[in-house]
Amino acid sequence: MATYDLIIIGAGPGGYVCAIRAAQLGMKVALVEKRAAAGKPRLGGTCLNVGCIPSKALLDSSERFYEARKHLADHGIQVEPKLDLAQLMKRKVGVVDALVGGIAGLMRKHKIDVLTGSGQLLGAGKVKVVAADSTTNDHDARNVVLAMGSVPIELPFLLFDGERIVSSDHAISFPTVPKKLVVVGGGVIGLELGSVWARLGADVTVVEALPQICPFLDVDVAKALQKTLEKQGLKFVFEAKITGAVTKNDDVTLSATAKDGSTLSFTADRVLVAVGRKPCIDGANLEAAGVKLTERKRVATDTHWKTNLAGVYAIGDLIDGPMLAHKAEEEGVAVAETIAGQHGHVDLNLIPNVVYTEPEVASVGLTEAECTKQGLSVRVGKFSFAANGRARAAAATDGFVKIIADAKTDRLLGAAVVGQRAADLIASICAHMVYGGSAEDIARTCMAHPTHGEAVKEAALDVLGRVLHA
């Protein structure tokens, strides 16, 4: 008899949510996690401990500091803010610790066994847990879910030293504000952490190998974000490939090759390498256990998250699809339901993507460029926050809402929001897209006035050629 109905390796958003849903469905569940402190497991994975949550705490704190320095006087509030970085970091740690404790409480509530150590797959239904002191315990389960998440990609000529050349794991805990920070990579992580340190006083330059930031966005959306970040002091260098680095004393000098073949040079006291993430499979014994990997070294699964081994599943950053915490959560729920004989489902086309800068950028579905590439005939509606009453009252007029609908059926194909509260606004569009809704469905939805959400309605009206306030 198997000890457990389900063992999950990895306690990030996908893993712990999968554990909760499986327990709700009556399974006996164990959750394996290697991250620990003071002898206790630190649940929540990268997202909670060194990713999504601490970075958002820093974004919120730095935004308040920047607002106090730059904009409170416009509201008739006179202050002279002084940065206390130690307190800012203390608050971040407090936010993380509270949430880590909350997840531990959820495990107790649902009677989920937490096994502390590195999980290794020995084969179908067999998991070894290696503790920090190297002691091992083998466990049997009817089913196993791999949910180890991902780690930052390290470049061979920019190895992380944790001091001068760092990953996002280190960039959330700088002891002092860098004088000059070079961010290698203009994606979500680089822009978010770059904006944090720029707000706190660093001179930030983002070096990107592609022609625009966030290549998953349409050009007009990416340009709008870039423009607002430049107003905040960030500098951008595009189509430049970093080729080497030399560390001397307290500085790092990066060399790069521009599009025209010329050589560029950047010197900084901190370099954040944010060129993407890769699945965390080292040490998990997957290949030795017989798990098939793709050419990109992701775990190969079918449409029901099954690997080639009987009873072994994989979710989240380990498999194809966007490397996003909420995608992993959805898959965690779906795979638990699938194991229970239900019909778990996740539509990867409707996973929203968010950049938590200020303004935020959120997108879902197809971009306009992707529609063109697929030969789809579309109508596009846009509405600027400059014409939105609530946004103007909040002095948050940068950005716009963009909605893309099929020209023949009016079905929503995609959307993007650049502006304050974009991460929340995109949810209303996702809700309509889930059931195959149309631009007219949004246009017929009554939005409270004055709210930022009215810009979503106006963009939908613009698709129909009858925008009201522009």
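Which residue just after α14 takes a positive phi? In this predicted model, that residue is G465, with a phi of about 80°. The legends below begin with this helix.

**View 1. Helix α14 and the elements that cover it.** Helix α14 spans residues 454–463 and is mostly covered, with eight of its ten residues buried. These buried residues are E454, A455, V456, E458, A459, A460, L461 and V463. Just beyond the helix comes G465, with its positive phi of about 80°.

**View 2. The open sheet β14-β15-β16.** Three strands form an open sheet in the order β14-β15-β16, and their pairing is antiparallel. Strands β14 (240–248) and β16 (263–268) each have a single partner strand and stand at the edges, so one side of each is left without a neighbour in the sheet. On average, neighbouring strands of this sheet are turned by 20° against each other, direction ignored. Strand β15, residues 251–258, is joined to β16 by six bridges, and the two run antiparallel.

View 3. Strand β12 (residues 203–208) contains T205. Is T205 buried or exposed? Its relative accessibility is 13%, and the limit for a buried residue is under 20%, so T205 counts as buried. Leaving aside neighbours within four places in sequence, T205 is in contact with L181, V182 and V183, as well as with K235, V237 and F266.

**View 4. The surroundings of L272.** L272 belongs to strand β17, which covers residues 270–273. With a relative accessible area of 1%, L272 is buried. Which residues does L272 contact, leaving aside its neighbours within four places in sequence? They are V166, S167, S168, A171, L181, V182, V183, V184 and L193. By contrast, T136 lies 136 residues from L272 along the chain, and the C-alpha atoms of the two are separated by 36 Å.

View 5. In soluble globular proteins, nonpolar side chains tend to be buried together. The largest nonpolar core in this model has 58 residues, and those with the most contacts inside it are I8, L121, V145, L146 and L286. Helix α1 (residues 13–24) gives the most to this core, with seven residues. Not counting residues up to four places away in sequence, L286 touches L121, L146, M148, I281, V291 and V299. Apart from this core lies another, of 40 residues, including V50, L85, I172 and A274.

**View 6. The whole chain, for orientation.** The chain contains 14 helices and 24 strands. Its radius of gyration is 23 Å, which agrees with the value near 23 Å for a compact globule of 470 residues. Taken along the principal axes, the C-alpha atoms fill a box of roughly 70 × 60 × 50 Å. Of the 470 residues, 51% count as buried. The accessible surface comes to about 21500 Å², and 51% of that surface belongs to carbon and sulfur atoms. Among the contacts with a separation of 6 or more, 62% are between residues 24 or more positions apart.

Note on methods: Residues are numbered from 1 along each chain as its sequence is written. Side-chain values use heavy atoms; hydrogens and water are left out. Buried means under 20% relative accessible area, exposed over 50%, partly exposed in between (1.4 Å probe, protein chains only). Helices (H or I, at least four residues) and strands (E, at least two) are DSSP runs, numbered from the N terminus. Contact means heavy atoms within 4.5 Å. Two strands pair if DSSP finds at least two bridges between them. Axes are lines fitted to C-alpha atoms, for helices over the stretch in contact, and angles run from 0 to 180 degrees between N-to-C directions. The radius of gyration is taken over C-alpha atoms; the globule rule is 2.2 Å times the number of residues to the power 0.38. Accessible areas come from the Shrake-Rupley method with a 1.4 Å probe; for residues, only the protein chains shown count as cover. A nonpolar core is a set of buried Ala, Val, Leu, Ile, Met, Phe, Trp, Tyr and Cys residues joined through side-chain atoms within 4.5 Å.
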